[in-house]
Amino acid sequence: MSTMLIQNGTIVSATGQSQGDVLIDAETIVGILAPGQAAGLGVNADVVVDAAGKYVIPGGVDAHTHMELPFGGTAASDTFETGTVAAAWGGITTIIDFAVQTAGNSVQEGLATWHAKAAGNCAIDYAFHQIVGGVDEQSLKDMTYLVDHEGITSFKLFMAYPGVFYSDDGQILRAMQNAGESGAMIMMHAENGIAIDVLVAQALARGETDPMYHSLTRPVELEAEATHRAIELSKVAGNVPLYIVHMSASEALVEVAAAQHAGLNVFAETCPQYLYLSLEDQLMQPGFEGAKWVCSTPLRTKHAHHQSDLWKGLRMNELAVVSTDHCPFCYKDQKELGLGNFSAIPNGIGSVEHRMELLYQGVVTGEITLERWVETCSTTPARMFGLDKKGQIAPGFDADILVWDPNGHTKLGLNDKHHMNMDHSAWEGFEIDGKVDTVISRGKVLVQNDQFVGTVGHGQYVRRGLSQYLH
Ligand code: DUC
Ligand code: ZN
Ligand code: ZN
């Protein structure tokens, strides 16, 4: 067991900045020392990390990833190994991935499958949410069991994807009532999938098969309507905690803000793709190129004000969290499954490596503060999902730390910075005025001097408590 001192840096938390040194004993932060105090106390750490001129922040927590997710006749191209190594390269020290249960299958088996995929294969710590794709008597019982015994305190339901993950309103209400009893959070994919499927069939019948029709058949009204319906159902279930995932549209944000003003336990996240990418600039690229950006909820038109509203929502705390919905597919053979039929393109974008970078650029451009960057990318996702030892630099917390160089520069792209298991980058050509410098997970250096020096298998399963926002 060794000690580490991260010295001379500016420690940035969700609430402020200070000069100080972070003292780590083995896997845990044991003290924050004033500048010069370490020498005065005779602290002689085994490892010293010089963070002069750099920000020292809690390691990123990405609360929404899909490693190895079977989807659309294929599977997400990052394994837990490749995806968590890429995450480490991006300053992420914890992911929360989604274990999957589908109708007619067992929740426990779905969870066991996810444990088998991840165990021993992760470079960083990981936790699970549980997708419940088949709400019935048994899966409702299993939800309670997972909260009580497995450290899984949040459950994702889908109002989209009929025949795959979809739950009807009665099933959603029952799952919410169940969550209300155990204190768990319901996470909602809020899009009206029944109406979307009609629009998709009509578009295809008209010969509208290009990737851009993916967005045009999933209009903002159907995201806003589903968001509203989910909120009303959670109210009927007894103000059960509700977290809307991957919010893309102003109209849906209005629903969340209204619910929050009414005192309901409603939270929401957005993702970098909705803050930066659009229907016109990405999905409408010539030929089949747009397939690279087919994800759900979809990219929206840049001629409305979705992006500026989402940034505003982040500032106002209407959006509490930025996650990635990392769900990568290669262009060759995977996205190409939808050549001639946009509805067969596997849905997803790979971003787990770039969330800290892309959101830091929002600090540079003045959209959010440095503190809000830390809060939305590290501290709040940890607190939201009961990761009690993550997301803060304070004694007793896990020594998960990102040293960030504000004078560095990062070019994103397949032949630039790119470690995800994909044959393209959704972020090709993006440039960041800052750089990941050093990444530390439970006291172990994972990334330093542009080298990955971690080990696959270091990452451990983290059992989660209930959301700290409500308990
Ligand atoms: N959205 C995606 O883009 N991919 C996976 C599942 C989802 O809801
Ligand atoms: Zn979703
Ligand atoms: Zn997702």
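Q: Is phenylalanine 267 buried or exposed, and what is its relative accessible area?

A: In this predicted model, the relative accessible area of phenylalanine 267 is 14%. Buried means under 20%, so phenylalanine 267 counts as buried.

Q: How is a pair of aromatic rings described?

A: Two quantities are given: the distance of the centres and the angle of the planes. A search of the whole structure finds 21 aromatic pairs. One of them joins tyrosine 213 and phenylalanine 342, with 6.4 Å from centre to centre and 40° between the planes, which is a tilted arrangement. Tyrosine 213 belongs to helix H7 (residues 212-216), while phenylalanine 342 sits in the loop between S15 and H13, so this pair ties together parts that are 129 residues apart in sequence. Both tyrosine 213 and phenylalanine 342 are buried.

Q: What are the distance and the angle for the rings of phenylalanine 267 and tyrosine 469?

A: The ring centres of phenylalanine 267 and tyrosine 469 are 6.0 Å apart and the planes stand at 55°, so this pair is tilted. Phenylalanine 267 lies in strand S14 (residues 266-270) and tyrosine 469 in the segment after strand S21 (451-452), so the pair ties together parts that are 202 residues apart in sequence. Tyrosine 469 is partly exposed, with a relative accessible area of 32%.

Q: Which residues form one aromatic cluster?

A: The cluster consists of Phe71, Phe158, Tyr161, Phe165 and Phe329.

Q: Which residues coordinate the zinc ion (ligand 3)?

A: To read a metal site, one lists the donor atoms and then locates their residues in the chain. The zinc ion (ligand 3) is coordinated by His64 (NE2), His66 (NE2) and Asp325 (OD), at 2.0 to 2.2 Å. The spacing of these donor residues in sequence is H-x1-H-x258-D. Histidine 66 is buried, at 4% relative accessible area, and aspartate 325 is buried at 8%. The zinc ion (ligand 2) is 3.8 Å from the zinc ion (ligand 3).

Q: How many residues does helix H3 have, and how far does it reach?

A: For a helix, one compares the span with the expected value and then looks at its sides. Helix H3 (residues 107-118) has 12 residues and reaches 17 Å from its first C-alpha to its last, close to the 16 Å expected. Its buried residues are Val107, Gly110, Leu111, Trp114, Lys117 and Ala118. These cover an arc of only 120° around the axis, which means that they lie on the same side of H3. The face turned away from that buried side carries the exposed residues Glu109 and Ala116. The buried residues of H3 pack against several elements, including helix H2 (80-89) and strand S9 (92-102).

Q: What is found at the N-terminal end of H3, and which residue follows H3?

A: Serine 106 caps the N-terminal end, with a side-chain oxygen 3.1 Å from the backbone nitrogen of glutamine 108. Glycine 120 follows H3, and its phi is positive, near 80°.

Q: Where does valine 12 lie, and which residues does it touch?

A: Valine 12 is part of strand S1 (residues 3-12) and is buried, with a relative accessible area of 0%. Leaving aside residues up to four places away in sequence, valine 12 touches Gln17, Tyr55, Val56, Ile57, Pro58, Leu370, Glu371 and Val374.

How values were computed
Residues are numbered from 1 along each chain as its sequence is written. Chains are lettered from A and ligands numbered from 1 in the order in which they are written. This is a predicted model: local features need pLDDT of at least 70, side-chain atom pairs count only at pLDDT 80 or more; totals for chains, interfaces and linings use all residues. Side-chain values use heavy atoms; hydrogens and water are left out. Helices (H or I, at least four residues) and strands (E, at least two) are DSSP runs, numbered from the N terminus. Buried means under 20% relative accessible area, exposed over 50%, partly exposed in between (1.4 Å probe, protein chains only). Contact means heavy atoms within 4.5 Å. Donors are N, O and S atoms within 2.8 Å of the metal (3.2 Å for Na, K and Ca); water is not among the atoms, so sites may look incomplete. The expected span of a helix is 1.5 Å times one less than its number of residues. The arc is that of the directions from the helix axis to the C-beta atoms. A polar contact is a pair of N or O atoms within 3.5 Å; within protein, one must be able to donate a hydrogen and the other to accept it, and residues adjacent in sequence count only if both atoms are side-chain atoms. Rings of Phe, Tyr and Trp (its six-membered ring) pair if their centres lie within 6.5 Å; planes under 30 degrees apart count as stacked, over 60 as edge-to-face and the rest as tilted.
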